[in-house]
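User: Can you walk me through the fold of this one? I'd like the sheets and the helix packing.

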Amino acid sequence: MSAPLVGLDIERVDGALKVTGRAAYSADVALEGLAHVVAVPSRIARGRIARIDDRDARAAPGVIAVITHENAPRLSKPVDSPYLPDVFRGKAAERWLPLQDAEIAYAGQVIALVVAETLEQAQFAAARLRIDYETQAHDADIASRRDVYRPTSAVMHELNVGWGDFDAAFARAPATLDATYTTPIENHNPIEPSATVAAWDGDALTLYDTTQTVMGTAGVVAQRLGISHERVRVVSRFLGGGFGCKGFVWHQPTLAAMAARVTGRPAKLVLTRAQMFTSVGHRPHTLQRVRLGASAGGQLLALHHTTVSETSKIDEYVEPAGFPARSLYACENVRIEHELTRLNVNTPTPMRGPGETTGTFALESALDELAYALDRDPIELRLVNYAHRHPETGRPWSSKRLEECYWRGARLIGWHRRARRPGARRDRREWIGYGVASAVFPAYRSPASARARLTRDGELVVASATQDIGTGTYTVMSQVAADVLRLPLARVRFELGDTHLPPAPVSGGSQTAASVSTAVHTACSALVAELARLATGDRRSPLFGADQSEIETGDGALFLRNRPNRRDSYARIVQRAERAHVEVTQRAPNDAHRERFAFQSTGAQFAEVRVDRDIGRLRVTRLVGVFDAGRILNPKTARSQAVGGMIYGLGMALMERTLLDPGLGRVVNDNLGDYLVPVHADIPAIETAFIDEPDPYFGPLGARGIGEIGTTGVAAAIANAVYNAVGVRVRDLPIGVEALLQP
Ligand code: MOS
């Protein structure tokens, strides 16, 4: 009998396709008569288009169409897509509609499309567009912070919350801290740029699109084009990362559909790397002020976390950096606020661990500062303030093993080697330091559905309109399905990334594994019941007349628990039913336990650093992350998520920064030569561990998400290690040479 596959290190089922180049990503889709589209970006950050002279462009070789606001098809204002789950609170897409008017609100805004026979011809022609702008004074400088306001529309969750009386408690507290932390604009930069191939067949549209939500893309594009969403099919079989920038529905699928409509040809639009900095959102700047009031022993008496971030002039997105302060520590007087300022930039969007990643940099640095001020061990200080229940709602956690994460991580990094005071450990020219920070991410789950089908050959094909953004969805869902029917992996296929399949939510908020595995488990269980019903009701079956409760699955067959030789193979059951296959579709609702418990994943991040103060060089020599994310479905893919997440955090700590020139209002480092991300030589030894204990109240498998938690806390752990090494408190990311050079 096949042993259970969930919990095993299963290799990616799509790995061979990917490494041999046979996995067709959206931009690889080759259609007969395909035309190539170039999206022309605005050079100015604010103003309007006075005139576009497209005569030279139209005369260029191979040009099929030039589309501007003057001749573009009219679009409808989108209402929010019905498919986006409450993770995004219905926020689906930028409200601005492309190519509908002459107004410009940010540099990089698409102002024209050039469609040609080849990409090179489209690029050549695009360079021949003569565009006259009426330029107006823009504001692209977060430092000016004009018109800071309190957003009223909650894009994510409630943004301004509190309990107790912060002011009074802070005023009375024996120990206080008041510090401001900043993080820059960052861009997701998945290896695969956003792309769409659009093809019309009459009034039906097919989009091969890079999206974290096929359902959401179909909904938004249909609304914009003014057609029913049943007329829009979205296919997204493979994705080269997303990290949030493919979560909202940006403009390229709509633009590709417009180009295809105007030309009567299938059309392909691939964003350039530079456009990945202006056209698919960004993680906004944050300016975070944290005030802590504590007893002499370190017990938190007052906690205030306020964040200013930017949004665009045309839409609202709030970086919810205050979220970690809402759940991480037991404190009776808490105030959390978020404010916005409007800049001439494209609308920000979630980026891996939105809120938790930026917010833990501030909060977990502040905890570290308090620990040194009170001369307490940073782990001890966190345990003194351990939240045994959700501090705001008082609800018990469904499960929480954070304390164990701290201790296991401490053992792995060798926390005993950390000097209690900064600047005490040195190896020749380098100072050595250790830092810790908490990791935290909510456990989200949304309703999802799946279809389970057994063929006459005894093959199981399970399908759901979810996505695999590189996380391993194909693999993990195959494992879950195989286990219910006790089939070997080779007999199971999982299909995804197509709106023709049963609906599933956006692959955002680290919720895919939990949401879709529940649907897969439910559908496969229902399939077993259906097969049992067919067999027990069929005189030709060895199981005829048996009670369904006595039936077990194993070795490609149903059998009687107490008489295992009475068995009927799946294939024969389907064959006798005289059908091509037997299938069921099931929708898994949300957890019934939602109102009783608080759900979240937690972890502990540790960093070891070496600092050479003569040349201001910081090296991260080790990272350790220990996470409690419920049950781990596949330790191998899970480890990849944790390691990838931690590298993402390392990039944030040391390198990543999108530079917006305030005078030009343009991104000046919009390429991977100037926007630095970690490469192999930058990445230290990374050790990860999972508690791997099923969450008893979170779906049938007890698995919470792991896509984002690995990024949270890393930047603070590194900054805290830097302080431990050299006594320099870095409150502004990324940590640069300037901060570390010996004065
Ligand atoms: Mo994620 S930033 O919710 O795709």
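Analyst: What follows goes from the whole chain to its sheets and then to helix pairs. Keep in mind that this is a predicted model.

User: How many helices and strands are in the chain?

Analyst: The chain has 16 helices and 29 strands. Its radius of gyration is 27 Å, close to the 27 Å from the globule rule for 743 residues, so the chain is as compact as a globular protein of that length.

User: And what box do the C-alpha atoms fill?

Analyst: Roughly 85 × 75 × 50 Å, along the principal axes.

User: Sheets next. What is the strand order in the open sheet of seven strands?

Analyst: The order is β3-β5-β1-β12-β9-β10-β11, and the pairing is mixed. β3 (63-68) and β11 (232-235) are the edges; each has a single partner strand, so one side of each lacks a neighbour in the sheet.

User: By how many degrees are neighbouring strands of this sheet turned, on average?

Analyst: By 20 degrees on average, ignoring direction.

User: Which strands does helix α5 touch?

Analyst: α5 (residues 214-225) packs on the sheet and touches β9 (195-201), β10 and β11. The direction of α5 makes about 145 degrees with that of β11.

User: What about α6, which strands does that helix lie across?

Analyst: Helix α6 (residues 252-263) lies across β1 (35-41), β3, β5 (110-116), β9, β10 and β12 (267-270). α6 runs at about 40 degrees to β9.

User: At what angle do α5 and α6 pack?

Analyst: About 50 degrees, with axes 10 Å apart. The two helices are therefore oblique to each other. Their crossing is right-handed.

User: Which residues meet there, α5 to α6?

Analyst: From α5, Thr 217, Val 221, Arg 224 and Leu 225. They meet Pro 253, Thr 254, Ala 257 and Met 258 of α6. By class, this contact has five nonpolar, two polar and one charged residues.

User: Switching topic. What is the order of the five strands in the other open sheet?

Analyst: β7-β15-β14-β13-β8, again an open sheet with mixed pairing. Its edge strands are β7 (161-163) and β8 (175-183), each pairing on one side only. Neighbouring strands here are turned by 15 degrees against each other on average, direction ignored.

User: How many bridges join β7 to β15?

Analyst: Three. The two strands run antiparallel, and β15 covers residues 334-342. Trp 163 stands opposite Val 334 in β15.

User: Last topic, α11 and α12. At what angle do their axes cross?

Analyst: Roughly 30 degrees. The axes of α11 (residues 473-485) and α12 (residues 512-536) come within 9 Å. That makes α11 roughly parallel to α12. α11 passes α12 in a right-handed crossing.

User: Which residues meet in that pair?

Analyst: On the α11 side, Thr 473, Met 477, Val 480, Ala 481, Val 484 and Leu 485. Their partners in α12 include Val 516, Val 520, His 521, Cys 524, Val 528 and Leu 531.

User: How many of the contact residues are nonpolar, polar and charged?

Analyst: The contact of α11 with α12 has 12 nonpolar, five polar and no charged residues.

Key:
Residues numbered from 1 in each chain as written. Predicted model: local features only at pLDDT ≥ 70, side-chain atom pairs only at ≥ 80, totals over all residues. Heavy atoms only, no water. Axes fitted to C-alpha atoms, helices over the stretch in contact; angles between N-to-C directions. Helix = DSSP H or I, 4+ residues; strand = E, 2+ residues; numbered from the N terminus. Parallel < 35°, antiparallel > 145°, perpendicular 65-115°, else oblique. Left-handed = near helix turned anticlockwise from the far one by under 90°. Contact = heavy atoms within 4.5 Å. Nonpolar A, V, L, I, M, F, W, Y, C, P; charged D, E, K, R; others polar. Pairing = 2+ DSSP bridges. Rg over C-alpha atoms; globule rule 2.2 N^0.38 Å.
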